[in-house]
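Morning, everyone. Please bring up the model on your screens, and we'll go through some of its strands together.

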Amino acid sequence: MKHHILALKKELLLPALLGFSVAACGGGGQVQPGAANSDGAGSDALAKADVSDSLGTNAGTGKTGKSSASPAGTPATNPASTPAATGTVLAVGPGKKYAAPCQALVAAPNGATVEIDASVTYSGDVCAFYANNLTIRGVNGRPKIDAAGRNAAGKGTWVVGGNGTVIENVELFGAKVPDRNGAAIRLDGVGLTLRNSFIHDNENGILTNNDGISDIVIEHTEFGHNGYGDGRSHNLYVGSVNSLTFRYNFSHDANVGHNLKSRAKTNLIAYNRFSSTAAGETGSTASGQPSYEIDLPDAGTSYVIGNVIEQPAANQNSTMLAYGEESTSNPGKDLYVINNTFLNDYGSGGTFIYVGDAVATPAAIQNNVFAGTGTVVNQAAAVQTTNYKAANPAFVDRKNYDLHPAPGAPFINAGSQPGNAASGMPLAPAMQYVHVAGGQPRPASGNIDIGAYEAVAP
Ligand SMILES: [Ca+2]
Ligand SMILES: [Ca+2]
């Protein structure tokens with residue numbers, strides 16, 4: 001997987017897009033190894049609620065919030081910055097002090113950095129660990145960690161009990177548990193940042209708690225073919241936390257479940273690609289048939305900006321983006337769908353944006369390309385502004401996902417300024433997705449174009 005240099009220039013992001021603080025994750029004193037090891041109750045609750053067609057049961061009843069939480073929208077720290085380490089570095093790999101990651105992860109003190117050498121595959125190495133403010137990082141390449149049929153605490157491969165954990169540059173696969181929701185990364189602590197990683201072929205890529213206070217940041221990461229296959233497990237499943245920031249990711253081929261599912265109070269989903277392989281096409285994982293490309297079942301203030309959202313011909317549900325389908329239990333009910341390129345490859349139609357009946361706030365749908373057949377949005381009150389819908393829009397190279405408008409395409413310069421959300425956050429896209437799991441600044445060229453990419457005049 002190649003990452004583009006530009007993608008790492010976090011300072012190019014809209015400042016308001018950084019308004020999701022992960023700085024609150026460092027609160028200590030919450031380490032309870034016994035509790036985290038006791039059973040798989042948390043995972044069970046989340047999974048059982050996760051039936052697309054039924055109401056959530058207890059998934060929304062998170063633990064009581066801790067006062068250390070920062071609400072989304074507080075003055076931003078930069079969630080992309082790695083927390084300062086104490087200087088303790090634990091080296092993992094052949095010839096190092098620790099032969100396998102879990103030996104180091106359970107030994108690491110608060111604030112330590114665990115560096116995992118990529119020269120071997122770590123097989124069957126699973127654990128729960130509890131230090132706060134850990135940085136876990138692959139070095140000398142991207143290390144492969146194969147659960148290989150083993151699990152920690154009945155939950156998955158890495159059960160993260162500490163707060164403020166940062167995970168970078170790892171490949172995790174093979175998580176599998178008796179409950180059928182084994183996660184490569186299971187978050188029991190508060191807050192998590194994951195970047196530059198590849199999470200595939202687990203029952204859940206990531207499964208979080210429902211603490212109501214965690215801020216989750218996931219960027220530059222590929223998710224593929226996660227899901228048990230029963231529709232209750234997904235490429236990733238973010239529970240009822242405070243916020244999810246999901247940007248510059250490639251999420252594809254979920255196995256029956258969703259390419260992204262989040263119950264967070266606030267969701268920023270920007271500059272990602274959601275797409276799955278076509279029949280006969282070879283991808284980085286096996287093909288999957290996702291249900292929803294994005295599922296936000298409890299509503300919540302949600303910004304869906306600048307994404308490529310493709311629905312494959314073979315799928316488990318013909319809706320692409322679902323919002324408030326189960327409940328409106330999150331405080332915000334405002335959905336902003338701005339400058340995305342939707343591609344429906346399901347010839348029988350479908351629904352691009354499904355808004356639950358209980359959501360009274362009109363969705364704001366602006367500057368999107370809707371390619372293929374189907375209903376743009378089922379909500380009668382939705383405000384649709386300067387979108388473009390066509391069976392085959394004039395992209396530069398649709399087959400190879402160059403979705404810039406072709407020269408002369410009618411959606412060039414045809415958008416309108418999105419303005420600000422009710423929160424005050426600017427809605428205009430500042431960036432655009434670059435495959436694989438990268439991003440670059442969206443250029444300015446005349447009036448804003450419709451869709452996830454701006455054409456640049458020759
Ligand atoms: Ca779908
Ligand atoms: Ca333009």
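Start with strand E21 (residues 273-274) and strand E24 (residues 308-311): they run parallel, joined by two bridges. Strands here are DSSP runs of at least two residues, numbered from the N terminus. Two strands pair if DSSP finds at least two bridges between them. Arg-273 stands opposite Val-308 in E24.

A word on the source: this is a predicted model, where local features need pLDDT of at least 70, side-chain atom pairs count only at pLDDT 80 or more, and totals for chains, interfaces and linings use all residues. Residues are numbered from 1 along each chain as its sequence is written, with chains lettered from A and ligands numbered from 1 in the order in which they are written.

Now zoom out. E21 and E24 belong to an open sheet of eleven strands, paired in parallel, in the order E3-E6-E9-E12-E15-E18-E21-E24-E27-E30-E33. Strand E3 (121-123) and strand E33 (388-390) are the edges; each has a single partner strand, so one side of each has no neighbour in the sheet.

Next, strand E26 (residues 335-338). Which way do its residues point? Leu-335 and Val-337 point one way, Tyr-336 and Ile-338 the other, and all are buried. Buried means 20 or more other C-beta atoms within 10 Å of the residue's own, with C-beta atoms placed from the backbone.

E26 pairs in parallel with strand E23 (residues 301-305) over four bridges. There, Ile-305 stands opposite Ile-338. Three bridges join E26 to strand E29 (residues 364-366), also parallel. Ile-365 in E29 is the bridge partner of Val-337.

Terms used. A residue is buried if 20 or more other C-beta atoms lie within 10 Å of its own, exposed if 12 or fewer, and partly exposed in between; C-beta atoms are placed from the backbone.
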